[in-house]
Amino acid sequence: MYALFLEQQDGHLEWFCAAPDEERARVVARFSSKYGSSPVVIMKQSHGAVTGIAAFRDGRPVPLKH
């Protein structure tokens with residue numbers, strides 16, 4: 001399962017939506033970040049572990065903050 005989060009100005013992540021696979025998550029994140037006002041972060045949950053996959057700002061990939 002992939003979850004998309006909007007990155008708020010103070011740095012916390014606010015849940016935005018879910019996607020069934022990474023390809024769809026990347027498409028939604030790219031377009032949402034391009035037409036929205038917040039960067040979008042994709043997280044993957046697998047076997048109880050949560051991993052950051054990608055982040056998008058203005059429709060382009062950006063490095064993940066760790």
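**Figure 1. Gly36 and the loop between H1 and S3 in the predicted model.** Gly36 belongs to the loop that lies between H1 and S3. In this predicted model, Gly36 is partly exposed, its relative accessible area being 37%. The C-alpha atom of Gly36 is separated by 9.1 Å from that of Arg57, a residue 21 places away along the chain. The loop between H1 and S3 also holds Ser38. Ser38 is buried, with a relative accessible area of 18%, whereas Gly36 is partly exposed. When residues up to four places away in sequence are not counted, Ser38 touches Leu6, Glu7 and Ser33.

**Figure 2. Helix H1 and its buried face.** Helix H1 comprises the 14 residues 22–35. At 1.5 Å a residue, H1 should span 20 Å, and the 20 Å between its end C-alpha atoms agrees with this. Ala25, Ala29 and Ser33 are buried in H1. Viewed down the helix axis, the buried residues of H1 fall within an arc of 50 degrees and so line one face of the helix. An α-helix has 3.6 residues a turn, so residues three or four places apart point the same way. Glu23, Arg24 and Tyr35 are exposed on the other side of H1. The cover over the buried residues of H1 includes strands S1 (2–7), S2 (13–19), S3 (40–46), S4 (49–57) and S5 (60–62). At the start of the helix, the backbone nitrogen of Glu23 has a side-chain oxygen of Asp21 within 3.3 Å.

**Figure 3. The surroundings of Ser33.** Ser33 is part of helix H1. With a relative accessible area of 1%, Ser33 is buried. A polar atom of the Ser33 side chain lies 3.0 Å from the backbone oxygen of Arg30. Leaving out residues up to four places away in sequence, Ser33 touches Ser38, Val40, Phe56, Arg57, Asp58, Gly59 and Arg60. Among these, Ser38 is placed in the loop between H1 and S3, and Asp58 in the loop between S4 and S5.

**Figure 4. The nonpolar cores.** The largest nonpolar core has eleven residues: Tyr2, Leu4, Leu6, Cys17, Ala19, Ala25, Ala29, Val40, Ile42, Ala54 and Phe56. Two or more residues of this core are given by each of S1, S2, H1, S3 and S4. S1 provides the largest share, three residues. A second, separate core has five residues, among them Ala3, Phe5, Met43 and Ala55. In a regular strand the side chains alternate between the two faces of the sheet. Leu6, a member of the largest core, is in contact with His12, Leu13, Glu14, Phe16, Ser38, Pro39 and Val40 when its neighbours within four places in sequence are left aside.

**Figure 5. The hairpin of S1 and S2.** S1 and S2 run antiparallel and are joined by six bridges. Glu7 stands opposite Leu13 of S2. Five residues lie between the strands of this hairpin, where Gly11 adopts a positive phi near 100 degrees.

**Figure 6. The hairpin of S3 and S4, with His47.** Seven bridges pair S3 with S4 in the antiparallel sense. Opposite Ser46 stands Ala49 in S4. The hairpin has two residues between its strands, and His47 is placed in the loop there, between S3 and S4. His47 is not a glycine, yet its phi is positive, at about 55 degrees. Most residues other than glycine have a negative phi. His47 is exposed, its relative accessible area being 85%.

**Figure 7. The hairpin of S4 and S5, with Asp58.** S4 and S5 run antiparallel, and three bridges join them. Phe56 has Pro61 of S5 as its bridge partner. Two residues lie between the strands of this hairpin, and Asp58 takes a positive phi near 55 degrees. Asp58 has this positive phi although it is not a glycine. Asp58 is exposed, with a relative accessible area of 55%. Asp58 is also one of the residues that Ser33 touches.

Key:
Residues numbered from 1 in each chain as written. Predicted model: local features only at pLDDT ≥ 70, side-chain atom pairs only at ≥ 80, totals over all residues. Heavy atoms only, no water. Helix = DSSP H or I, 4+ residues; strand = E, 2+ residues; numbered from the N terminus. Expected span 1.5 Å × (residues − 1). Buried < 20%, exposed > 50% of the residue type's maximum accessible area, 1.4 Å probe, protein only. Arc of directions from axis to C-beta. Contact = heavy atoms within 4.5 Å. Polar contact = N/O pair within 3.5 Å; in protein donor to acceptor, adjacent residues only side chain to side chain. Pairing = 2+ DSSP bridges. Core = buried A, V, L, I, M, F, W, Y, C linked by side-chain atoms within 4.5 Å.
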